[in-house]
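Student: I would like a close look at a single part of this model. Please take the ligand site and walk me through it.

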Amino acid sequence: MPFVDLGARDRELNEAIVADVAELFESGAFHYGPPVARFESEFAAYCAVAHCVGMSNGLDAIRLALLGAGIEQGDEVVVPAHTFIATFAAIRQAGGVPVPVDASESDYNLDAALVEEALTERTRFVVPVHLYGQMADMRAVMELAGRHGLEVIEDACQAHGAERDGNRSGAVGRAAAFSFYPSKNLGAAGDAGAVVTDDSELAARLRALRHHGEIVKYHSEVEGYTARLDAIQAVVLLHKLPHVDRWNEQRRDAARYYSEALEGVGDLRLPPVPVGSKPVWHLYVVRTQHPESLAEHLAAREIGTGRHYPQPPHLSAAFSWLGHGHGSFPVAEALAEEGLSLPLFAGITDHQLARVAGAVTAFFDRG
Ligand SMILES: *Cc1c(COP(=O)(O)O)cnc(C)c1O
């Protein structure tokens, strides 16, 4: 069993997608055109916001959201220490300096209680990440940001459709970035992303930034980028979007199964879900002191697993220049050392779930 089986989710749609892609080839409208505009309007509605601007990928979406919101060279940006490294890279590439803050044991996301001690006169943004499909504590983040005059850009790349305290992922901050990398809860057939926002001026700036800075053709208002959403990807995403909620329900069923079957097994610590949170389970990450040997035991039984992520960004060579050594962010470092992601995808069967749970239990019974 693979760690993620995209076929289980996509097979039913492939024929209709291929027919629409063939039509697109006939029209030759590979950029913009009806599919991009339609996807943008449908995804904005899905996120309960006014505007969606399609982008080339999730990293560009974060980077351009920061640029569109007016980040300046050297601005400090608070970011959770426990995230995928693209969050750090996007901030750096927008001219910002990532300022990591440790994760909370309560949800593995940004610990809002630790943010204040990280603030300086240069702090202008907070980029909370809704990691593994569970929203960060946005009530606390927004309250804090309001008090200190900080802009909030959500990294919602793993949290399509997630909710917490009545808020929807992507609808809380000034803007939010999504990725549609194939394995995300809503995945394209290649790279794609989007920024969503209620701010129409920001949306207009983002449309210019993604396309050479143009508002009127060949008249650049600002120095722009090439960061558009392909029409082919928009066609794929339009077919998949109506199924995301159903797929997320299947993920919830799978997570519920694991959380019941694995309760009290060995030294496992199961993913925490705070009251009021409705995660969409992009990943189901258990903690153990033996992640590598458990992964090997499962691999020998042809069960794929993942590590998300074995190295926190502050300990990577790419961000050693930030100067945060081992021990700087103990929760993030423990999560990196102990985390193992079990197979979880839309369409995973009860039989597959039982096989994983049985194999995990057998590993610990063996002693
Ligand atoms: C996937 C992901 C990104 C980057 O998305 P790409 O489309 O791969 O550029 C950024 N942040 C998080 C948390 C992600 O999971």
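Student: How far is an oxygen atom of the ligand from an N or O atom in the side chain of Ser179?

Tutor: The model is predicted, so every distance here is computed from predicted coordinates. For Ser179, the separation between a side-chain N or O atom and a ligand oxygen is 2.7 Å.

Now the cover. On its own the ligand has 380 Å² of accessible area, and the protein covers 91% of that. The ligand sits in the largest pocket. Two elements give two or more residues each to the shell: helix H4 (58-68) and helix H5 (85-93). H4 supplies the largest share, three residues.

Next, the shell itself. It has 13 residues, and the nearest are Gly58, Asp155, Gln158, Ser179 and Lys184. By class, six are nonpolar, five polar and two charged.

The structure holds twelve aromatic pairs. One of them joins Phe43 and Phe180: the ring centres are 5.2 Å apart and the planes meet at 85 degrees, so the pair is edge-to-face. Phe43 belongs to helix H3 (residues 33-47), while Phe180 is in the loop between strand E8 (175-179) and strand E9 (193-197), so this pair ties together parts 137 residues apart in sequence.

Most residues other than glycine have a negative phi, and most peptide bonds are trans. Tyr132 is not a glycine, yet its phi is positive, about 65 degrees. Tyr132 is found in the loop between strand E4 (123-126) and helix H6 (138-148). His308 and Tyr309 are joined by a cis peptide bond, with omega about 10 degrees. Tyr309 lies in the loop between helix H10 (291-300) and helix H11 (330-338).

How values were computed. Residues are numbered from 1 along each chain as its sequence is written. This is a predicted model: local features need pLDDT of at least 70, side-chain atom pairs count only at pLDDT 80 or more; totals for chains, interfaces and linings use all residues. Side-chain values use heavy atoms; hydrogens and water are left out. A residue is near a molecule or strand if one of its heavy atoms lies within 4 Å of it. A polar contact is a pair of N or O atoms within 3.5 Å; within protein, one must be able to donate a hydrogen and the other to accept it, and residues adjacent in sequence count only if both atoms are side-chain atoms. Accessible areas come from the Shrake-Rupley method with a 1.4 Å probe; for residues, only the protein chains shown count as cover. On a 1 Å grid over the protein atoms alone, a cavity is a set of points where a 1.4 Å probe fits but cannot get out, and a pocket is an open set with protein on both sides within 12 Å along at least five of seven lines; lining residues have an atom within 4 Å of a point. A molecule sits in a cavity or pocket if more than half of its atoms lie within 2 Å of its grid points. Helices (H or I, at least four residues) and strands (E, at least two) are DSSP runs, numbered from the N terminus. Ala, Val, Leu, Ile, Met, Phe, Trp, Tyr, Cys and Pro count as nonpolar, Asp, Glu, Lys and Arg as charged, and the others, Gly among them, as polar. Rings of Phe, Tyr and Trp (its six-membered ring) pair if their centres lie within 6.5 Å; planes under 30 degrees apart count as stacked, over 60 as edge-to-face and the rest as tilted.
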